[in-house]
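Please look at the sequence and the structure below.

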2 protein chains.
Amino acid sequence: MQELDERKTKILNAIIRNYLDTGEPVGSRTISKYSDLNLSSATIRNEMSDLEELGYILQPHTSAGRIPSDKGYRFYVDNLMKEKNQEVTEMKEFMIEHTERMEQVLKQMAKVLAANTNYTAMITAPSYHRNKVKFLQLSQVDDKQLLAVIVTEGNLVKNKMISTREALDNETLLKLNILLNTSLNGLSAEEINLGTIARLKEQAGIHSNIVSDVLDALAGVFQEDEELEVYTSGTTNILKYPELNDSQKASELLNAFEEKKQLVTLVNETLASQEQTGIQVYIGDESPIQNMKDCSLVTATYQLGEGMQGTIGIIGPKRMDYENVMDNLKTLKSQLDAVFHKNKEQ
Amino acid sequence: MQELDERKTKILNAIIRNYLDTGEPVGSRTISKYSDLNLSSATIRNEMSDLEELGYILQPHTSAGRIPSDKGYRFYVDNLMKEKNQEVTEMKEFMIEHTERMEQVLKQMAKVLAANTNYTAMITAPSYHRNKVKFLQLSQVDDKQLLAVIVTEGNLVKNKMISTREALDNETLLKLNILLNTSLNGLSAEEINLGTIARLKEQAGIHSNIVSDVLDALAGVFQEDEELEVYTSGTTNILKYPELNDSQKASELLNAFEEKKQLVTLVNETLASQEQTGIQVYIGDESPIQNMKDCSLVTATYQLGEGMQGTIGIIGPKRMDYENVMDNLKTLKSQLDAVFHKNKEQ
DNA sequence: GTTAGCACTCAATCCCAAGGAGTGCTAACA
DNA sequence: TGTTAGCACTCCTTGGGATTGAGTGCTAAC
């Protein structure tokens with residue numbers, strides 16, 4: 001038993017596609033005329049009535065046309081979309097300039113995505129959770145300040161100033177550096193446990209307080225990366241869609257974009273429910289973010305290996321052009337994978 | 001000869017204050033009732049008629065009340081505002097947590113400002129143009145990568161990866177480090193000229209290409225800081241003011257906030273026309289940014305000494321609460337000065 | 001110089017009628 | 001039995017008065 005026979009499916013498809021285009025409720029006559037079914041509007045009406053009863057479409061009010069319900073969109077996304085193989089050329093060009101600065105690349109990407117789709121794009125820096133220490137160095141910067149530089153496997157560099165009571169002599173510094181590197185290199189956040197720490201401090205002797213500071217810095221590095229950076233672009237695009245452009249909704253949404261914290265929730269959600277290569281689609285209430293209940297949300301995860309990954313997302317009206325969006329995301333995702341991979345090889 | 005006698009001044013003041021509150025055109029009767037002038041509405045009308053002729057107020061349409069013109073606001077800001085000595089307590093608390101990460105502090109500040117004023121706040125990181133190199137270090141991170149760490153006088157740290165064909169031995173690395181530090185320390189971007197560069201390369205011998213890379217990185221550091229970081233907060237606050245909340249204007253404004261480039265223009269403008277300790281007020285068309293012609297803009301510059309300075313700005317409707325805004329800015333400005341100063345002393 | 005009074009203007013609001021898009025239902029048809 | 005034409009009905013939208021009310025300008029009197 002299947003809920004929808006072929007004709008109903010076709011009609012539903014036609015309704016949704018039409019609605020994606022126009023944003024207006026679509027009536028039986030429109031479908032009757034502009035589909036290849038050759039059915040009268042009356043027949044369509046009967047079918048539509050069924051579809052409504054089944055929950056795939058709904059009427060904003062009696063005597064209006066029908067619009068897709070969340071269930072309808074879901075069916076569309078899962079079953080009706082054609083795989084398009086659009087060429088996304090521009091991105092590559094954007095990508096190629098300046099690969100060196102990750103942050104720039106990500107911002108650029110967000111921009112391209114937003115421009116390509118006319119929706120809002122968000123993208124997170126890869127979280128290097130479970131990342132490992134690769135290189136660590138203390139330098140005497142001036143009388144009272146040490147600079148700790150930490151490089152991780154993914155070639156991400158962090159620095160932290162450490163204030164000291166007085167300057168260390170070169171020899172001590174060298175010893176400390178050797179000690180730190182031999183003890184910590186190759187370790188991830190989880191692997192640096194109390195045992196490691198105790199041993200380190202013991203060996204550091206009177207400079208154990210410096211070791212403490214370095215470890216704090218290290219913790220800071222690993223932790224700071226939990227609260228990840230989120231870049232958004234095209235936030236104002238949502239104002240283009242009348243169904244979102246009332247000051248109440250728009251304001252809530254824009255706030256969500258500004259308060260990146262909420263987006264982080266989203267990211268975590270996405271990462272949790274990932275089907276690896278998959279692209280996630282959240283329609284209306286399905287979204288983990290309350291404010292987005294009138295929107296749809298398409299997310300993808302990109303990989304860097306070693307447990308590092310980031311999230312890309314597009315936020316738009318429910319009647320978004322899912323095909324185009326998913327296509328863009330797919331291409332971008334693969335390109336990001338490639339860029340970071342290349343970067344690592346280098 | 002002065003253009004406005006005392007009574008006209010009082011009336012203008014009353015009109016503006018009332019309009020700041022309500023956002024509605026204000027009529028003669030209102031002024032007559034709610035001011036201490038004890039004049040009939042008819043008299044007020046006559047005066048208002050004069051004020052209109054003089055260009056301080058205007059009518060949206062015949063038979064509406066009056067609203068302040070840009071000239072009116074300007075007069076208000078220059079002559080009518082009372083110095084308030086509001087206590088801004090919250091800020092200090094916010095400030096005290098986590099002084100270590102400048103970026104965080106600035107974001108926090110922007111947030112506080114936006115929350116305090118209900119307008120949009122922007123704040124730029126201090127530009128360390130004409131900043132000097134204080135410490136410089138090359139480290140071998142792995143087989144084929146050197147890490148250059150650069151610390152400037154202001155304790156701002158930058159790093160850059162440099163790819164090499166093969167690993168350098170320790171001795172060479174040490175030599176290079178000494179060479180770089182002795183040659184470049186204490187120099188600002190302008191002071192590193194062709195002569196310096198030539199001398200450096202000569203002394204580096206076969207490793208002159210590495211010196212090149214380091215210099216490139218250095219240039220990058222100095223240059224990157226030209227395109228400064230701008231943090232905004234409360235961008236959606238503009239939606240609260242009906243006069244800005246039509247989708248056309250709102251969208252333009254929000255775009256300006258998203259495209260931080262435009263804000264940078266603003267910053268430069270502010271820096272250029274600074275009267276050192278001064279607070280700058282741009283009303284309507286006076287603003288250097290076209291999109292903001294329906295807004296007012298209040299900016300302040302904070303100092304770090306050594307030619308480093310940043311900008312704080314508040315963007316809101318023309319009828320913004322200038323007193324409150326300027327007060328907030330003043331307090332914040334002084335606190336920022338203090339924080340960074342303290343940070344440097346440390 | 002100030003004020004009361006009055007006629008006038010004009011945006012905003014409400015109401016109502018007309019229009020139209022779309023539906024559901026029924027009856028007829030193939 | 002599925003399809004279709006026809007018709008009554010619903011209800012949003014549009015547009016045109018009419019009404020209201022805030023506010024003005026002007027005049028004449030105090």
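The surface near DNA strand C is made up of five nonpolar, twelve polar and three charged residues. In this classification Ala, Val, Leu, Ile, Met, Phe, Trp, Tyr, Cys and Pro are nonpolar, Asp, Glu, Lys and Arg are charged, and the others, Gly among them, are polar. This is a predicted model, in which local features need pLDDT of at least 70, side-chain atom pairs count only at pLDDT 80 or more, and totals for chains, interfaces and linings use all residues. Residues are numbered from 1 along each chain as its sequence is written, while chains are lettered from A and ligands numbered from 1 in the order in which they are written.

Of the 20 residues around DNA strand C, those that come nearest are Gly27(A), Ser28(A), Ala42(B), Thr43(B) and Ser63(B). A residue is near a molecule or strand if its C-beta atom, placed from the backbone, lies within 6 Å of it. Two or more residues of this surface come from each of α2 (28-33) and α3 of chain A and α3 of chain B. Helices (H or I, at least four residues) and strands (E, at least two) are DSSP runs, numbered from the N terminus. With four residues, α3(A) gives the most to the surface near DNA strand C.

DNA strand D also has 20 residues around it, and Thr43(A), His61(A), Ser63(A), Gly27(B) and Ser28(B) come nearest. Here α3 (41-54) of chain A, α2 (28-33) of chain B and α3 (41-54) of chain B each give two or more residues. The largest share, four residues, is that of α3(B). By class, the surface near DNA strand D has five nonpolar, twelve polar and three charged residues.

Next come the domains. Chain A is divided into domain 1 (6-80), domain 2 (89-126 + 228-345) and domain 3 (133-224), with bounds from an automatic or database domain assignment. Seven residues from domain 1 of chain A and ten residues from domain 2 of chain A take part in their contact. Two residues are in contact if their C-beta atoms, placed from the backbone, lie within 7 Å. On the domain 1 side, α1 (6-22) and α4 (70-80) of chain A give two or more residues each, and α4(A) gives the most, with four residues. That side divides into four nonpolar, one polar and two charged residues.

In chain B, helix α1 (residues 6-22) and helix α4 (residues 70-80) pack at an angle of about 105°, with their axes 10 Å apart. Axes are lines fitted to C-alpha atoms, for helices over the stretch in contact, and angles run from 0 to 180 degrees between N-to-C directions. Therefore α1(B) is roughly perpendicular to α4(B), a term for angles of 65 to 115 degrees, whereas those under 35 count as roughly parallel, those over 145 as roughly antiparallel and the rest as oblique. Leu12(B), Asn13(B) and Ile16(B) of α1(B) meet Gly72(B), Phe75(B), Tyr76(B) and Leu80(B) of α4(B).

Chain A also holds an open sheet of three strands, antiparallel and in the order β4-β5-β6. Strands pair if DSSP finds at least two bridges between them. The edge strands, β4 (133-142) and β6 (157-163) of chain A, each pair on one side only. Eight bridges join β4(A) and β5 (residues 145-152) of chain A.

Finally, the contact between the chains takes 25 residues from chain B and 25 residues from chain A. On the chain B side, β4 (133-142), β5 (145-152), β6 (157-163) and α10 (247-258) each supply at least two residues.
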